[in-house]
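Hi,

Here is the structure I said I'd pass on to you.

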Amino acid sequence: MEYMPNFKLHRPKSKDEAAQIKNESSDSLFVAGGTDMIVNVRRGIEQPHHLIDLSDIAEVKEISQDKSELVIGSGVTLNSLANSEKIKSDYPAIADAALSIAGSTHQQYGTVGGNLCLDTRCLFYNQSEWWRQSNDYCMKERGEICHVAPGGKRCFAAFSGDLAPAMLVYNAEVKIHGPNGVRQLALQDLYRNDGMNHLTLESNELIASIHLSNNLAGSPSKYEKARIRGSIDFPLAGAAVRLEKENNKIKDITVALTGVNPFPQIIKNTEAMIGMDINEKTLDLLRENVRKQAKPMKTTTVAPWYRRRVVGAIAKRLMHELSVE
Amino acid sequence: MNEIKPTSSIGIPKPLVDGPEKVTGKARYSADFIPSDCLVGRIFRSPVSHAEIMEVDISDALSLPGVKAVITGEETDEPYGVLPIARFEYPMARDKVRYKGEPVACVAAVDVETAQKAIDLIKFKYKELPAYYTSQDAMAEGAVNLHDHRPGNVERDVDFDLGDTDNGLTEADLIMEEKYNCAEIAQVQSEPHAAIAEYDSTREFLTVHASTQVPYYGHKMLAKVLKMKESQIRMIKPFVGGGFGCRTECLNIELICALVARAAKGTVRIVASREETFITHRGRPETDVEMKIGVKNDGTITAVDFKAIQRGGAYSGYGVVTILYSGGLMFGLYDLPAVRYRGLRILTNTPPPGAMRGHGITDVRYAFENLLDKVANKLGVDPIEIRRKNLLEGPKYETLNEMFINSYGLPECLDWVEEKSGWKSRKGNLGPNRGLGIACAHYPSGASKPVNWTGEPHATIHLKLDWDASITVLTGAPEIGQGSTTMATQCAAEVLGLDMSRFQSLTSDSKLTPKDNGSYSSRVTYMVGNASIDAAKNLKNILIEAAARKLEVKPEDIECLGEVYRAGSQDEGLSFPEVVQAALEGTGTITVKGNFDTLPESWGTKKYRGGAISGSMAYAYAAQVVEVSVDPDTAEITVEKVWAAQDVGKALNPLAVEGQIEGSVWMGMGQAISEGTKYVNGLGITNNMLDYRVPTIIESPPIDVGIIESVDPHGPFGAKEAGETSLVAFIPALTNAIADAVGVRPLDLPVTSDHLLELMENYKTREAAE
């Protein structure tokens, strides 16, 4: 392991205090579970002078239900999320996703907000300082070029969070806390298709909570990811599928992906499938649709064509499983 | 009255004697030694793959406050290396750098941040040279030589033809051949490399703690490189978190640490990051194998003709031995009437590989067993039967390269896996995408000729007996988690008939324990075990004589029952402490010694140059059946079950043997399906535990271990190798099972899902076309 550089650690007790410290200290970063962030700090990818630890803020650690929605605090741990009876019964893909993140010890520390804000990943980026320096860095960090697509002007680092696709299929919204107060937006608008700057958050904003409407509570869903090992690995490709059926016809379907783009992606044109019979043909239709829209690049050691192939196979498999349950 | 009996320790499952320290966290590993005033050492590593060094300007780094020393390749002009015939590596590069990450300079400073700042101030000026990352590129016409004395970048060219291979191929009814590429892999042991060097400038005395499997070789190299007398150095190996061959030679980190400690006139600690541990490497080389087997219609092998090319990295390390093992160890498993081998060890601009678990044989055995399976399918012979057809014939088990084989449990291993896996009824009847595969392997129990041939015993053990009637086992055998200290204790306890609780142990401290060559090539149980038996017998003789004196009888009348020595069954006898008292009267504390030497008959063949490599006192044998399922959509491979039988001669500690065999399966599984280092322009891109994918416990299949005991006539209580053979067998058994499951045969390693899916899709396309 690389050594930990010096920084000042802050432990605010409230969102307001956290925002205030952030405003006052330039060159600062929020950290929640730290399971990914601290690795990046040790590697010199992030070099903060101030680290603002959000783990002491009690107000963001609750899962609560009111008449219209389920509210998940951004500081809820992945372990709590995976074990929540409400999540397991009403939003099963989210529980699947939480349980599939890294290893069980990471899940004790990692948080919902942290996983949604996970930095994009690339083989040429998630390396030591010596390594990146020896490779002239890259456009995502201190360098000029992209080693994945030399000559290109875009960064293709892959979004690799597991929760986002599972929440996207339930039309989740996020409440954002900032110096100018609170704003709420659709989860998909938290992201943009840019590996260098994939979050639409301002640097002094933080996610307070995630909101899931009761309208879709209980709508059947599943999440699965392809990975080489059954633990630890980030998704090579992951898919969440939510399917409602009636008389073996598709009543409602939403599919979202991770690991194959710089942002978690909702598959387009699934509404065209509504009303179709569920059979091998429609299953294949979904598979091909997913394969067409997924755009993995060489950001991992595993071949991009394989990841595209597999993400289609996963979506098809999940749709099939949901259709026979 | 209860019958008094000696206590037995052999063949009984025993927890490891150093287990409690490990599980309670009390065990101290090299990085845990942080003496007061300890400086932090950090290494400046080359950012380029191949270059002439123009200048290493350390002036700014030296003048930074808090920096105590900065050293470069100028610090020593003495090269090091494990093989006396191939010592041309320097602790820090001198004239040239030859791989990305090669040490160029080292800083010792008061803390890690200062050390890093100093590293950033070093100005490295160089002139780049063409770099070669594959064996083919390095061997190509006109390639620049990495080392002037290795023209064509060939480190070693091995060529032998024993028997009449051309004739054997002519007589064959069927000849099959395939080409295999086996990726370079690394050990990924849990403890990254670490060293602490304390230089006492008043006495000019150096003490080094290091995470090593070979403290003795380290000791010698420290003396050579620092130009000190060996007597001025104390080498200590504390607890070590695994080795698997990556620490089977002295590493640059130990040498650099000592050099910079001397320069700083103090104590320096260097703890390598995981990435630096990958760069230090000494894993298994990338190997290209061309394998050809000729058989009769009944499956009898008439000849084997094969070639191996190893990407040897920038320096030799164990390279010459590896490429020789790859040839010599083709013998000894089956009865082969003719074998031709060409082996090329090539120098490339990548980190140097080493002697990884399953040293030399793994990749060529993989190719052979994979191809033999294909041959069996082609002939319509059962894959187990084709192996039975080619067994060595006892009792002399002669091989063309004159191996010394006195025990051969392979037939029993085959019987065991065949029965336990339900092979006869289940093979071919598992349904789609599920299959069974078999493969066999063997491995030596230590090299009969040591690296440094000075005529000294192969192993020495001291047993110290004191007035407290306890026995201390003093052994230089490096305990690296494999259980060597437990094994040495068991052997001594068994001979003396005492419970193991009478024993304590001190290991691997050059000032206290006898010299030992180290933990590698599966030598320790065989050699150190025999030395321990010898020492215990010597001690027992002393105790018997003392008891005889005390009881006023002849020594031959004394019966040793462990805790009681008596002159006859009616005699109450003397308790062990009383015998000890009698033995120490007049002489004081006793230390006895036991030795082991190999027999000249086991020193290998003189039929070709390097034929001594693969000579051993005994060979362990394994047969393995693997059951897999393959997801037809994603080509994800699940190892459903493994039946692993290994002939270990005698399981001295069945618990430890089982652990070794299970560990072998896991490690083999990594190489087979997910592990492989990757480089981008010589820069290791998988040098961390996320991108270099070692299987986790989730991937661990149920493993049925079958211990076969052929009782080797020269082994300690009949024991042989237990820690490497089963790794070798797993890999081909797995690919053979995949071929059985999906109809396509993977050749290259690792069989990753993307690679397999491609094979499966091509196969489908081909089938559709036909």
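Start with the hairpin in chain B: strands β13(B) and β14(B) form it, with 5 residues between them. In that turn, look for B:Gly299, which has a positive phi of about 100°. Keep in mind as you click around that this is a predicted model.

If you want one pair to find on screen, take B:Gly294, whose bridge partner in β14(B) is B:Ala303. A bit of background: strands of a sheet pair through backbone hydrogen bonds, either parallel or antiparallel.

Strand β8 of chain B, residues 174-182, pairs with β13(B) in the antiparallel sense, over 9 bridges. There, B:Glu178 stands opposite B:Met291 of β13(B).

So is β13(B) enclosed, and why? Of the 9 residues in this strand (287-295), 7 are buried, so the rest of the structure largely encloses β13(B). To count as buried, a residue needs 20 or more other C-beta atoms within 10 Å of its own.

Now over to chain A, where you'll find an open sheet of 3 strands in the order β1-β3-β2, with parallel pairing. β1 (8-10) and β2 (28-31) of chain A sit at the edges with a single partner strand each, so one side of each has no neighbour in the sheet. On average, neighbouring strands here are turned by 25° against each other, ignoring direction.

For a closer look at this sheet, go to β1(A) and β3(A) (residues 50-53), which run parallel and are joined by 3 bridges. One pair to pick out is A:Lys8 with its bridge partner A:His50 in β3(A). Then find helix α1 of chain A, residues 15-24: this helix lies across β1, β2 and β3 of chain A and runs at about 170° to β3(A).

Last, the place where the chains meet. How many residues does each chain bring to the contact? Chain A gives 26 residues and chain B gives 25 residues. On the chain A side, the elements that give two or more residues are α8 (129-134) and α11 (304-324). Of these, α11(A) gives the most, with 5 residues. Sorted by class, that side of chain A has 14 nonpolar, 8 polar and 4 charged residues.

Note on methods: Residues numbered from 1 in each chain as written. Chains lettered and ligands numbered in written order. Predicted model: local features only at pLDDT ≥ 70, side-chain atom pairs only at ≥ 80, totals over all residues. Buried ≥ 20, exposed ≤ 12 C-beta atoms within 10 Å, placed from the backbone. Helix = DSSP H or I, 4+ residues; strand = E, 2+ residues; numbered from the N terminus. Pairing = 2+ DSSP bridges. Axes fitted to C-alpha atoms, helices over the stretch in contact; angles between N-to-C directions. Contact = placed C-beta atoms within 7 Å. Nonpolar A, V, L, I, M, F, W, Y, C, P; charged D, E, K, R; others polar.
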